[in-house]
Amino acid sequence: MKLWRKLWLPFANLSMQKKLVIIFVFLISLPITYFSYSSYRSSFELVLGSTTDAANLMTDNAMDKVDRYIADLKRYTLLPLYNKDVQKYLDQQGTDWDKNTTMDMFLMYVNNTKEEILSTYLVDRYDTVFYYRRSGINVLYPETRIAQWKNMTRQSGSAPVLSGTHLIRANDTEQRQVFTVVRSVQSTSTLRHIGLIAIDVDSKLLEDIVAPLGAVTHGDALIIDEEGDVVYSSAPSRWVGNLSASPWLTGATGERGSFELDIDGVPYIAVYTASIHTGWKTLVYIPSTELLAPMKQNRDKLMITSLSIILLGLLVSIILSYALTKPLKATVQLMKQVQRGKLDVAVQVKYNDEIGMLGSHFNRMISRIRELLEEVALTEKSKQQADMLALQNQINPHFIYNTLESIRMLAELNDDDQVADLTYLLGLLLRYSITRSADERSTIGQEIDHVRNYLLLLQIRFPGKFNFNFDIPVDFAPLSIIKLVFQPIVENAVFHGLEKREGSGTITIHGWQEHRDAVFTIHDDGIGMTTERLEALHHSLKDGKTDKFGIGLRNVHERIRLHYGPRSRLTVSSRPGEGTTVTLRIADLFNLNS
């Protein structure tokens, strides 16, 4: 709520003409801006949808080609099942010329079925390896891979298994990126495992399949295997290695779809398709700038049209607001004259619209102001009378104080300490009451000191008659307050409560804070009051027309209400024989002192 008020105040403080201009422009610009934004957003979503749909179709086609290629390779791994010689030699221990020749011929045939196959391997039941390699592959180390192949076939059973992309050594200095298809070979007669076949395929075959994606979408295309390793990338300098933990793949969680991301601060749209056969994913990263390029011209036209309409609305709003606010300005000028004290002005009402009604009410208001001025004068007079009642004991206080000081000095010269103390305390009381006006401020600490001096004086007058205790928080002492608030209440407690009590009594003043109010209780354990007398006292505090109870309590009640508002009040509670408690609430005292 406070934040909204801070935002509202600058607008609320503007002139009416400026407010109308702002409102007119706002009402015109809001729908225009909304329409322009909606049109632009619809165009963007349309282009984005068509682009992602086209990219999804292309990735689906690319992934389908890859799947069909790998499906062919998996079918090739079934060839050993249909060659009886290969079946026989895989189950035969050792090697000879016939076995080597048969194996080489078979491997050469498989290797030449597709030009992307770099090498083909057969491993018999006794871990003897036979292989055929493409030209350019001079050195192979299949023995180091047998354990891996066995583990793969052991887990897959008789089904073929696809190994993710990895490097193989072509010679002592060169390595080639390949993926491998491996299958366990089982005897057609006994159905037991007699060996395995493995085919290494060059990963570059994917370039012809995936490269067109990047060319059409003006983005980067790549394929990653199920482990997150890059199988192929149209931008090898950017997309390389394992991307499983990369934020570039966080959105590619389903079988197909698209998601948005930032790469090096540039927004991209990523479209992907996952193969259910291999677990590989084809992705295309399209820069968002490529999508927005065909929309820039349309956006510029919308902006020019919107600005033109807003400027036209501004011109019309200025003319209309001037015509509407001219009578109001004339009324404001008359109000300024009234502010300078000229009350004989009147608005010339021409029309019966709201502005004309305002003029009529203004004329009636001027008449009412004259009446209110008279009422305020009467109220101020009542306040002055209440203040004068509080100061009635201040008749020539300087003369009385100087006289008491002379008496005190004579008492000290005559060694009469009690008279000296009495006159000293009375002097302090009179000095505190010396003031220029009844509403001059004091502090709670000074008020309490004044009450303490007054009670000390009364203890000399009534020795052994009463004691007193003050329980006021320390942080109350510097709070500003009007004078003579507590002393009349304490005086009432002594002379009407404790003086008539048998034995000694106690007066206790206690103070505490409730929210931003200060609350005080003045309690005496004197004779108390009957219910009838207490009701009469309450009636006296309420109407203030009877002097039966003196001016002390009523004067304090009226003064705190005049100075601190209607929430401030004085209340009295009492029971015969149990004493009297006066509760004094001063509203918002802590706010006034902050």
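## A guided tour of the predicted model

Begin by selecting residues 117–124, strand 1, and residues 129–133, strand 2: the two run antiparallel and are joined by five bridges. Strands (E, at least two residues) and helices (H or I, at least four) are DSSP runs, numbered from the N terminus, and two strands pair if DSSP finds at least two bridges between them. Within this pairing, Leu122 stands opposite Phe130 of strand 2. Strand 1 and strand 2 form a hairpin with four residues between them, and Asp127 in the turn has a positive phi of about 65°.

The model is predicted: local features need pLDDT of at least 70 and side-chain atom pairs count only at pLDDT 80 or more, while totals for chains, interfaces and linings use all residues. Residues are numbered from 1 along each chain as its sequence is written, and side-chain values use heavy atoms, with hydrogens and water left out.

Next, colour the protein by pLDDT, the predictor's confidence in each residue, from 0 to 100. The mean is 79, and 83% of the residues reach 70 or more. Select residues 391–396, where pLDDT stays under 50. Where pLDDT is low, the predicted coordinates should not be read in detail.

Now turn to the open sheet, in which five strands lie in the order 12-14-15-17-16 with mixed pairing. Strand 12 (466–471) and strand 16 (569–575) stand at the edges, each with a single partner strand, so one side of each is left without a neighbour in the sheet. Inside the sheet, select strand 15 and strand 17 (residues 579–586), which pair in the antiparallel sense over seven bridges. Here Ile522 has Val582 in strand 17 as its bridge partner.

Finally, select helix 13 (residues 487–498) together with helix 15 (residues 552–564): their axes are 8 Å apart and they pack at an angle of about 155°. Axes are lines fitted to C-alpha atoms, for helices over the stretch in contact (heavy atoms within 4.5 Å), and angles run from 0 to 180 degrees between N-to-C directions. Helix 13 and helix 15 are therefore roughly antiparallel to each other, a term for angles over 145 degrees. At their contact, Pro488, Ile489 and Asn492 in helix 13 meet Gly552, Leu553 and Val556 in helix 15.

Notes
Angles under 35 degrees count as roughly parallel, over 145 as roughly antiparallel, 65 to 115 as roughly perpendicular and the rest as oblique.
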